[in-house]
Amino acid sequence: MMDVVTPAVLLTDGVVALRRPALVDGPAYSRMRNDLALVSSVMGFRLGVSEQTIEAWIARGGVEGDDLLFTAVLVADSHRPVGYVKMYRVDRFSRHAWVGLSLFDERDAGAGYGRRILTQACDYLRDFVAIRKISLEVLATNARALALYAALGFAEEGRLTSQFFTGGRFEDVLILSRFLADAPR
Ligand SMILES: CC(C)(COP(=O)(O)OP(=O)(O)OC[C@H]1O[C@@H](n2cnc3c(N)ncnc32)[C@H](O)[C@@H]1OP(=O)(O)O)[C@@H](O)C(=O)NCCC(=O)NCCS
């Protein structure tokens with residue numbers, strides 16, 4: 001019989017797999033969305049989100065229009081949700097998209113999962129959606145995220161000075177981009 005609760009894996013590198021969000025992911029998204037430190041690091045909504053809101057959002061696919069959202073799960077850990085990657089404002093004319101990602105739990109950080117999630121998302125966007133360039137926004141103080149983006153070839157394209165208020169102070173926000181194909185010379 002088909003498993004109607006958990007969607008099939010779309011992509012995997014053997015350690016981390018990406019699939020569409022499912023209701024079973026609700027608790028993981030819920031914990032993350034109500035963790036002020038985590039939502040601040042992704043510059044997200046900081047008023048808290050109820051479980052019902054999350055479930056309704058997952059039931060709608062977690063996205064609108066041409067946006068894409070994948071839950072990342074750990075293959076060897078009973079497909080435990082470990083994070084997500086969102087590809088939004090997907091512009092099929094300019095073949096550009098914005099990307100955002102986060103782990104659900106700080107305890108999973110530094111184990112290479114972020115690198116695996118973003119690598120698979122980039123490959124997918126290049127090879128299956130024909131995206132040419134991706135961009136993302138990151139707090140200038142987010143050393144771990146910046147290390148990951150630099151390692152994957154993202155370059156700084158802009159700085160929004162004193163843009164985002166978190167932890168009692170205004171932080172700069174950097175715009176980073178990476179060409180997945182047809183980089184200009
Ligand atoms: C940012 C985030 C996605 C990175 O994922 P991760 O799984 O923790 O990172 P990885 O283990 O894949 O490490 C990525 C790189 O950063 C380096 N790194 C790890 N911890 C670091 C730290 N504290 N400071 C600097 N570099 C660090 C690693 O050495 C690695 O580089 P390498 O592959 O060249 O060795 C994850 O930590 C996260 O979700 N953080 C909270 C939300 C967030 O900040 N999201 C990004 C918003 S723009």
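I started at the ligand: helix 5 gives the largest share of its shell, 6 residues. Helices here are DSSP runs of H or I with at least four residues, strands are E runs of at least two, and both are numbered from the N terminus. I am working on a predicted model, where local features need pLDDT of at least 70, side-chain atom pairs count only at pLDDT 80 or more, and totals for chains, interfaces and linings use all residues. Residues are numbered from 1 along each chain as its sequence is written.

**Ligand shell.** I found 23 residues around the ligand, with Ala109, Gly114, Arg115, Ala145 and Ala147 coming nearest. Near means a C-beta atom, placed from the backbone, within 6 Å. Elements supplying at least two shell residues each include helix 2 (36-41), strand 5 (96-103) and helix 4 (113-128).

**Helix pair.** I looked next at helix 1 (residues 26-33) and helix 3 (residues 51-59), which pack at about 125° with axes 9 Å apart. Axes are lines fitted to C-alpha atoms over the stretch in contact, and angles run from 0 to 180 degrees between N-to-C directions. Helix 1 contributes Gly26, Tyr29, Ser30 and Arg33 to the contact, and helix 3 contributes Glu51, Ile54, Glu55 and Ile58. Contact means C-beta atoms, placed from the backbone, within 7 Å.

I then checked strand 1 (residues 9-12) and strand 2 (residues 16-19), which run antiparallel and are joined by 3 bridges. Pairing takes at least two DSSP bridges. Thr12 has Ala17 of strand 2 as its bridge partner. In the 3 residues between the strands, I noted Gly14 with a positive phi near 95°.

Conventions
Contact = placed C-beta atoms within 7 Å.
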